[in-house]
Amino acid sequence: MKEKDYPDYPTNLTDEQWEIGKPLIPQPPKRGRKPITRRAIILAILYVLPAGCPWRALPKDFPRWKTVDNVFWQW
């Protein structure tokens, strides 16, 4: 997911909100697979939480549900 290629959902952060929270988000490790942008992970988490839906019900616009779930639990 490219930096500006995010799906348009009511739970999305504005650019201003993202800039405030960005320094608080742990960065991905420098090794292994190419990391998913942290903004995409945050947007997916913000979609799931108010919806109360299971991770597996994430729309295809977001990163894979298992990736989002793993990062969420690592944090």
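Predicted model: local features only at pLDDT ≥ 70, side-chain atom pairs only at ≥ 80, totals over all residues.

Me: OK. How many helices and strands does the protein chain have?
Reply: Three helices and zero strands. Along the sequence the pattern reads α-α-α.

Me: And how does the radius of gyration fit a compact globule?
Reply: It agrees: for 75 residues you'd expect a value near 11 Å, and the protein chain has 12 Å. The C-alpha trace spans about 30 × 30 × 20 Å along its principal axes.

Me: What share of the residues is buried?
Reply: Buried residues are 33% of the 75 in the protein chain. As for the surface, the accessible area is about 5700 Å², and carbon and sulfur atoms account for 55% of that.

Me: Switching to packing. What's the angle between α2 and α3?
Reply: About 95°, with the axes 10 Å apart. Here α2 covers residues 38-51 and α3 covers residues 65-74. That angle makes α2 roughly perpendicular to α3, because 65 to 115 degrees counts as roughly perpendicular.

Me: Which residues make that contact?
Reply: From α2 you have Arg38, Ile41, Ala44 and Ile45, and from α3 there's Thr67, Val68, Val71 and Phe72. Sorted by class, that contact has six nonpolar residues, one polar and one charged.

Me: Let's zoom in on Ile45. Buried or exposed?
Reply: Ile45 sits in helix α2. Ile45 counts as buried because its relative accessibility is 7%, and the cut-off for buried is under 20%.

Me: What does Ile45 touch, leaving aside neighbours within four places in sequence?
Reply: Trp55, Val68, Phe72 and Trp75. Val68 and Phe72 are also among the α3 residues in the helix contact.

Me: You mentioned Trp75. Where does Trp75 lie?
Reply: In the segment after α3. Trp75 is partly exposed, with a relative accessible area of 38%.

Me: And which residues does Trp75 contact, again skipping those within four places?
Reply: Ile25, Pro26, Arg38, Ile41, Ile42 and Ile45. Of these, Arg38, Ile41 and Ile45 also take part in the α2 side of the helix contact.

Me: Last one: what share of the chain's contacts join residues at least 24 apart?
Reply: 55%, counting contacts between residues at least 6 apart in sequence.

Notes: Residues numbered from 1 in each chain as written. Heavy atoms only, no water. Axes fitted to C-alpha atoms, helices over the stretch in contact; angles between N-to-C directions. Helix = DSSP H or I, 4+ residues; strand = E, 2+ residues; numbered from the N terminus. Parallel < 35°, antiparallel > 145°, perpendicular 65-115°, else oblique. Contact = heavy atoms within 4.5 Å. Nonpolar A, V, L, I, M, F, W, Y, C, P; charged D, E, K, R; others polar. Rg over C-alpha atoms; globule rule 2.2 N^0.38 Å. Buried < 20%, exposed > 50% of the residue type's maximum accessible area, 1.4 Å probe, protein only. Areas by Shrake-Rupley, 256 points an atom, 1.4 Å probe, with all protein chains shown as cover.
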